[in-house]
Amino acid sequence: MFSNASNFVQGVDMAFAIIVGISLFFLITLTGTMIYFVVRYDHKKHPEARQIKDNKWMEATWITIPLILVLYMFYIGWEGFIPMRQAPKDAMQITAIGKMWKYEFQYEGNKVSDTLVIPINKAVKISLKSVDVLHGFSVPSFRIKEDMVPVKDNYTWFIPGELGDFDLFCTVYCGLNHAYMHSIVRVVPEDQFNEWVAYLPEKNADAENPGYKVMEKNGCFACHNTTGTRLVGPSFKGIYGRKIKVMTDGVARELIGDDSYVETSIYEPNKDISDGYPANIMQSYKNSINKEDMKLIQEYIKTLK
Amino acid sequence: MRKETKYVSYLDYEGQYKGIFGWIFSTDHKRLGLLYLYAIALFFFVGAILGLTMRVELATPGETIMKAQAYNGVFTVHGVIMIFMVVIPGLSAVFGNFFLPLMIGAKDVAFPKLNRLTWWILIAGSILAIASQFLREGPPDTGWTFYAPYSTKTGTSVIIATTAAFVLGFASILTGLNFIVTIHRLRAPGMKFFNMPLFPWALYAASWIQLLATPVVGITLVMLIFERLFGIGFFNPDLGGDPILFQHLFWIYSHPAVYIMILPAMGVITEVIPTFCQRRIYGYKAIAISSLAIAAVGFFVWGHHMYTSGMSEQARWFFSLLTFIVAVPSAIKVFNWIATMYRGSINLQAPFLYALFFIFLFIIGGTTGLILGAVAPNVQVHDTSFVVAHFHYIIFGGMGFAFFSGLHYWFPKMYGRMYNLKAANWGAIILFIGFNLLYFPQFIIGYQGMPRRYYDYLPQFQWAQTISLIGGIILFIGFFVMVGNLVRGAKKGAIAPANPWNGTTLEWTVPSPPPVENFDEDPIIKSDPYDYK
């Protein structure tokens with residue numbers, strides 16, 4: 001009766017079904033009683049109300065029964081949850097990194113993918129990290145959800161039991177494109193997985209550049225890329241030495257891309273706005289990027305020709 | 001010794017100031033009650049329009065009427081207005097101000113001038129909140145929860161919006177303080193705590209939460225502002241801060257805040273049911289004590305908003321257990337309300353109809369809260385539209401419908417006139433249908449995994465979003481029927497007698513509308529508040 005998409009489906013759905021069952025029982029009984037009383041004791045049929053004294057046994061009953069029921073519901077909820085924090089030691093390790101507004105999955109050997117591909121019937125433990133703000137890691141079909149918190153590492157684990165693609169959602173609001181922070185968990189047979197992971201490319205060489213690291217930590221790549229195409233904001237590619245059209249205080253002008261332009265764009269992003277982009281989307285990074293980091297960023301952007 | 005005074009209603013009274021100044025400079029708790037009512041009704045209307053805009057945007061996948069940035073601003077502002085400007089002041093500021101002194105036999109609240117200042121603070125805070133929409137940086141886009149570190153990084157007007165919430169917090173603290181002192185010091189001779197009506201009891205419990213919990217969120221928001229202005233690293237990990245700390249501090253207030261809104265709502269329902277059943281309330285003491293129990297235990301359940309934040313297993317265990325315990329006093333109230341209907345003489349008028357709807361919606365809201373409070377099912381529905389549906393059932397289905405119930409119940413006392421009874425019942429029925437159509441489908445797609453705060457969604461969720469939009473439109477029709485009927489009643493309705501529903505509490509012993517100083521002479525209390533002989 002329960003799907004086998006992951007080893008947690010049964011525990012979660014069972015607890016859910018029991019609580020819904022108890023709730024429905026009370027909803028129907030209480031509503032029914034209420035409607036019965038309203039009809040039966042309508043003032044036209046029943047003009048004289050009977051004043052009924054409190055009965056302490058009655059009160060005691062309807063304190064005790066709900067108390068027992070809620071303790072039971074607490075227990076089954078807890079019971080379904082315990083295994084979610086008991087990852088087996090030999091589980092396969094994958095690191096999931098949340099950044100505005102995409103996921104990156106790191107496999108052994110510094111290999112990265114933006115889709116989470118995993119072999120069926122094998123325990124997978126996923127370390128959850130974030131480089132910028134809070135993100136969520138939610139796979140509804142697997143009944144798993146944990147937050148990705150910067151600096152404070154979190155984790156989740158599961159054993160997938162069905163082949164196929166499953167939606168992965170970000171569930172903690174993370175800004176402009178929160179609703180588009182979506183990926184796929186692809187469960188495949190083990191031999192197919194081994195083949196896939198063998199061909200997975202290694203992390204790009206830029207990743208070791210100190211300037212790149214600063215920018216990644218500050219979430220720059222959420223809105224700007226290094227390939228020359230437009231995201232939320234303009235690309236970092238080929239800024240130095242190029243003529244750039246900007247709007248300064250509502251007046252169009254042209255400037256040449258250099259260190260001071262990069263610095264102004266980071267510390268006072270709304271001063272010179274690149275032509276064709278909206279203002280007030282980006283905030284100043286004056287408090288989070290110091291002068292030394294700024295140098296590193298400038299050196300890195302210079303390499304993007 | 002009976003003083004012979006000519007009866008002048010509080011509406012007609014002319015004091016030092018005339019016209020509009022006679023209202024905004026008034027210290028009369030009844031006039032302030034109405035001022036709160038008008039302000040909050042206006043804010044509610046703005047918030048509801050924003051809500052409807054969100055439903056229209058979500059009616060189809062992809063862009064429907066606005067861009068993602070605009071949508072993120074709209075749901076933030078909808079939350080800020082509805083939480084801080086409507087539901088938290090809501091019942092206690094409007095009906096608490098108007099009826100607390102009347103129900104305990106007092107001439108006014110303990111500190112009338114402070115009460116007037118509190119209304120001004122609410123207005124000042126609200127102006128700031130609304131201003132945050134129009135500033136150059138654009139509306140805040142953090143959600144009403146202002147979660148760090150996003151709130152420390154976004155370029156939008158977070159500072160002004162949090163300042164607004166900070167200022168509004170003061171209004172809440174001062175109202176709480178005023179009511180606690182009023183209840184302790186100004187009860188009529190002979191009225192002990194345990195023969196005080198149950199609405200004052202509920203206000204008493206809620207006031208303690210307002211007084212004790214609100215400063216926590218105030219400080220938290222100041223820390224956030226300092227972090228943004230001066231780069232002090234409280235919450236941003238890049239500066240050595242802890243983003244989870246923000247969540248703890250925020251929910252230490254914001255969970256009890258749910259009880260600030262729902263306790264007075266339960267209090268209203270507890271007044272309406274005995275009156276329309278013409279029966280003494282069943283389980284008076286159990287209801288009174290359960291209000292205090294909810295307020296006390298409610299301080300220690302905040303962690304259930306953070307189950308997935310990576311908190312320890314022990315913390316999840318602790319918060320889940322207490323969340324289930326706090327459900328019991330709410331259940332006790334429901335059982336007592338229904339028991340009060342047994343062998344009563346029931347008159348199905350609008351206030352009572354709203355109360356019945358309240359009980360139904362509150363059971364759904366409460367039991368879905370059990371699903372959210374249980375750790376394993378929570379994993380599935382946390383941060384999905386299931387949560388959105390759950391808290392709208394509690395806040396709107398609960399607090400909102402209780403507000404409408406109270407409004408129809410006390411309307412003849414407040415205005416001295418009657419509304420059309422049939423139209424009022426129709427308004428209630430339309431609202432009830434629209435409400436369920438709007439929010440119930442969100443439970444289902446929430447369980448299937450539709451995350452909340454999503455501008456766009458996968459096509460499999462569209463059916464529910466469409467039903468929700470239809471529900472939203474029906475809900476708006478219901479508002480217009482209800483408000484139209486009440487406005488017409490206030491202007492042209494039949495003159496209301498002092499006690500149209502045959503209630504037993506003190507507010508029904510004075511003329512409608514009440515005279516400026518409420519009671520010609522101090523009432524002397526000799527019996528239970530719900531004494532139908």
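Me: Hi! How much area do chain A and chain B bury between them?
Reply: About 7,600 Å², with 66% of it on carbon and sulfur atoms. Buried area here is the accessible area (1.4 Å probe) that two parts lose on being put together, summed over both. Keep in mind that this is a predicted model, where local features need pLDDT of at least 70, side-chain atom pairs count only at pLDDT 80 or more, and totals for chains, interfaces and linings use all residues. Residues are numbered from 1 along each chain as its sequence is written, chains are lettered from A in the order in which they are written, and side-chain values use heavy atoms, with hydrogens and water left out.

Me: Thanks! How many residues does each chain bring to the contact?
Reply: Chain A brings 78 residues and chain B brings 95, contact being heavy atoms within 4.5 Å.

Me: And how many salt bridges are there between chain A and chain B?
Reply: Four, where a salt bridge is a side-chain nitrogen of Lys or Arg within 4 Å of a carboxyl oxygen of Asp or Glu. One of them joins the side chains of A:Glu146 and B:Arg316, at 3.1 Å from N to O.

Me: Which elements of chain A give two or more residues to the side that touches chain B?
Reply: They are α1 (9-40), α2 (56-81), β7 (144-148) and β9 (164-169); helices (H or I, at least four residues) and strands (E, at least two) are DSSP runs, numbered from the N terminus. The most comes from α1(A), with 15 residues.

Me: Switching topic, what is the mean pLDDT of chain A?
Reply: The mean is 89, and 99% of the residues of chain A reach 70 or more; pLDDT is the predictor's confidence in each residue, from 0 to 100.
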